[in-house]
Amino acid sequence: YAVLTSENFGLSVPTFYIDLSSFDRASGLCTQPVDMAYYTTDPVNYEARFELNYIIDQRKGSVDVIREVLTSFNGFLVMSNGKLKLLVERDTGIIDGYFDEDNIIDGSFSREQLPRDGKFNFLVVDGCDERNDYRKVPVPIIIDFDRDITGEVRSTSIDAVGVTRPRQAAIVGMTNALGSVLRDYACSWKAGIEGYRYEVGDVLGITEESSNWTDHKLQLGPGF
């Protein structure tokens, strides 16, 4: 929020164009205590899900700074009703709405299976060590969903410079890793006016008989 609105080091975006309620919700998610033992083998007490330990480099542009801050908690910004809305990539367990034969326009549904080679199975999250001049500390995330079958290693990396806790780096990495593994299809369809209540980032349950899908979970992307 500060990087967006500050006139000294930010983009000087007027607060009128900021969806404050979405920032409040994102803040609540970030500060929520979670059991970090789920993400690592170390049993620890509950900690805040996301923290930001970040030094703003004056040589970087504001957009680059915002991108790095968002990476630290799997956040993203969208325009909604003329305001910047802050969303956080989340588990698809919570369904925001449903589409089926009652509200999908006949003949408009299509799906495309995403190629396997577009999915990574080895991820490195580059956090940083605040006790060592904020030097990068790699946290590897291995996803064994097809390595035994194909023998291929398809790697990628995430530059999470605001993350100083390995456990938080694991959360950032696991969210991205699961997204890569579980996103098998790209779909599109047409709907009536009720479809406009949903926004980028919402999770929908899709029932489509010709695809043999029942409550198949999809997350809306920017093309919606």
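I started at Asn103, which lies in the loop between β5 (97–99) and β6 (110–113). Helices (H or I, at least four residues) and strands (E, at least two) are DSSP runs here, numbered from the N terminus. I note that this is a predicted model, where local features need pLDDT of at least 70 and side-chain atom pairs count only at pLDDT 80 or more, while totals for chains, interfaces and linings use all residues. Residues are numbered from 1 along each chain as its sequence is written, and side-chain values use heavy atoms, with hydrogens and water left out.

**Around Asn103.** Is Asn103 buried or exposed? I find it buried, because its relative accessibility is 16% (buried is under 20% relative accessible area, exposed over 50%, partly exposed in between, with a 1.4 Å probe and protein chains only). I then looked for backbone atoms by its side chain. A polar atom of the Asn103 side chain lies 3.2 Å from the backbone oxygen of Tyr98, and one lies 2.8 Å from the backbone nitrogen of Asp100. For contacts (heavy atoms within 4.5 Å), I left aside neighbours within four places in sequence and noted Tyr98, Lys190, Ala191, Gly192 and Glu194.

**Around Lys85.** Next I went to strand β4 (residues 83–88), where Lys85 lies. Lys85 counts as buried, because its relative accessibility is 12%. Not counting residues up to four places away in sequence, I see Lys85 touching Asp19, Ser22, Arg25, Phe76, Leu77, Val78, Ser80 and Glu199.

**Rings.** One aromatic cluster is formed by Phe99, Phe109, Trp189 and Tyr198.

**Cysteines.** I looked for disulfides (cysteine sulfur atoms within 2.5 Å of each other) and the count is zero. Cys128 is buried at 5% relative accessible area, whereas Cys187 is partly exposed at 23%.

**Whole chain.** I close with the totals. The chain has five helices and 12 strands, and 39% of its 224 residues count as buried. Among contacts with a separation of 6 or more, 62% join residues 24 or more positions apart.

Key:
Rings of Phe, Tyr and Trp (its six-membered ring) pair if their centres lie within 6.5 Å; planes under 30 degrees apart count as stacked, over 60 as edge-to-face and the rest as tilted. A polar contact is a pair of N or O atoms within 3.5 Å; within protein, one must be able to donate a hydrogen and the other to accept it, and residues adjacent in sequence count only if both atoms are side-chain atoms.
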